[in-house]
Amino acid sequence: MQLIEKAPAKINLGLDTPYHHQDGAEEWNMVMTSVDLADYVEIQTLTKHKRIRVASDSGFLPNDQRNLAYQAAHLLQARFHIDEGVNIRIKKNIPVAAGLGGGSSDAAAVLRGLNQLWDLGLSWQELAKLGLEIDSDVPYCVYGRTAHVRGRGERITPLSKLPAAWVVLAKPKVSVSTPSILQQIRYDDLEHPDIDGLLRGIRDQDIDAMCAVMGNVLEPLTAHRYPEITQLKQQMMKFGADVAQMSGTGPTVFGLCSKQSRAQRVFNGMKGFCREVYLVRPLP
């Protein structure tokens, strides 16, 4: 048996961490949405053995236990005592190590797909709870829609759809290690974004109010190490984006535009500064 799951990229419209837990894990307060740049994950179950195999068309992706899609299959296989193996093939469209949640979305796709193929009957809440054992972004990616994300990443509150908008993504030639950025957090020095104001803007379908309060508390940390992030932001604003911001721990910068013509202008302009540029829309 086999199926193909779509694994969309995510962006952080708002990202804050108010404190960390005693075990060192961050408490998150985020607003996330998914966009129509996606990997495609083909999942095939095998009855002859219990091996898990991962293959992709990307030379930058590990195909062993380090791969989050592999970890998702192994988690379900072990937790529910499944005697079948799995072949996973990933058609990679989301840039790797970009702050767009590609690996987490692939893992979420495997959780959703194997939940069907193995007839596990798990709810999205149950899948999200399992996903937290893999990575803090996996619970959100199980849902793959605009949501308020809290806790360690497991408290997902779906939100109404965003106002009409277009998104330009630009990834510079650097790759960012999330743990290395998180280790730099000094909570007394953080400038926390207005997540409540962002939630009000979404509720009121007011894109101007949203853009006025969007923010990523980790952006100064990553941009200090990689100044090209600030340069990309400045260029996006120069070309006409309503707001420009880093996603996740970076390095991808996205620009939000309320008008398609302006988004096209930003996209065309950014192609002169960055090789990996995408014009996408938030998923409904």
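The buried residues of helix α6 are covered by elements that include β1, β2, β5 (147-151) and α7 (207-213), where helices (H or I, at least four residues) and strands (E, at least two) are DSSP runs numbered from the N terminus. Helix α6 spans residues 195-203, and I195, G197, L198, L199, G201 and I202 are buried in this helix; buried denotes under 20% relative accessible area, exposed over 50%, and partly exposed the range in between (1.4 Å probe, protein chains only). Q205, which follows α6, has a positive phi near 55 degrees. The model is predicted, so that local features need pLDDT of at least 70 and side-chain atom pairs count only at pLDDT 80 or more, while totals for chains, interfaces and linings use all residues. Residues are numbered from 1 along each chain as its sequence is written, and side-chain values use heavy atoms, with hydrogens and water left out.

The protein is divided into domain 1 (2-158) and domain 2 (166-280), with bounds taken from an automatic or database domain assignment. Contact between them (heavy atoms within 4.5 Å) takes 26 residues from domain 1 and 32 residues from domain 2. About 2,200 Å² is buried between the two domains, and carbon and sulfur atoms give 69% of this area; buried area is the accessible area (1.4 Å probe) that two parts lose on being put together, summed over both. L13, L15 and D16 supply 24% of the area that domain 1 buries against domain 2, more than any other three residues.

The largest share of the side of domain 1 that touches domain 2, 11 residues, comes from β1.

The structure as a whole holds 11 salt bridges, each defined as a side-chain nitrogen of Lys or Arg within 4 Å of a carboxyl oxygen of Asp or Glu. One of them joins the side chains of K10 and D137 (3.9 Å, N to O). Because K10 lies in strand β1 and D137 in the loop between α3 (124-131) and α4 (138-143), this pair ties together parts that are 127 residues apart in sequence. Both K10 and D137 are buried.

A salt bridge also forms between the side chains of K233 and E219 (2.6 Å, N to O). K233 belongs to helix α9 (residues 228-239) and E219 to helix α8 (residues 219-225), 14 residues apart. K233 is partly exposed at 22% relative accessible area, whereas E219 is buried at 13%.
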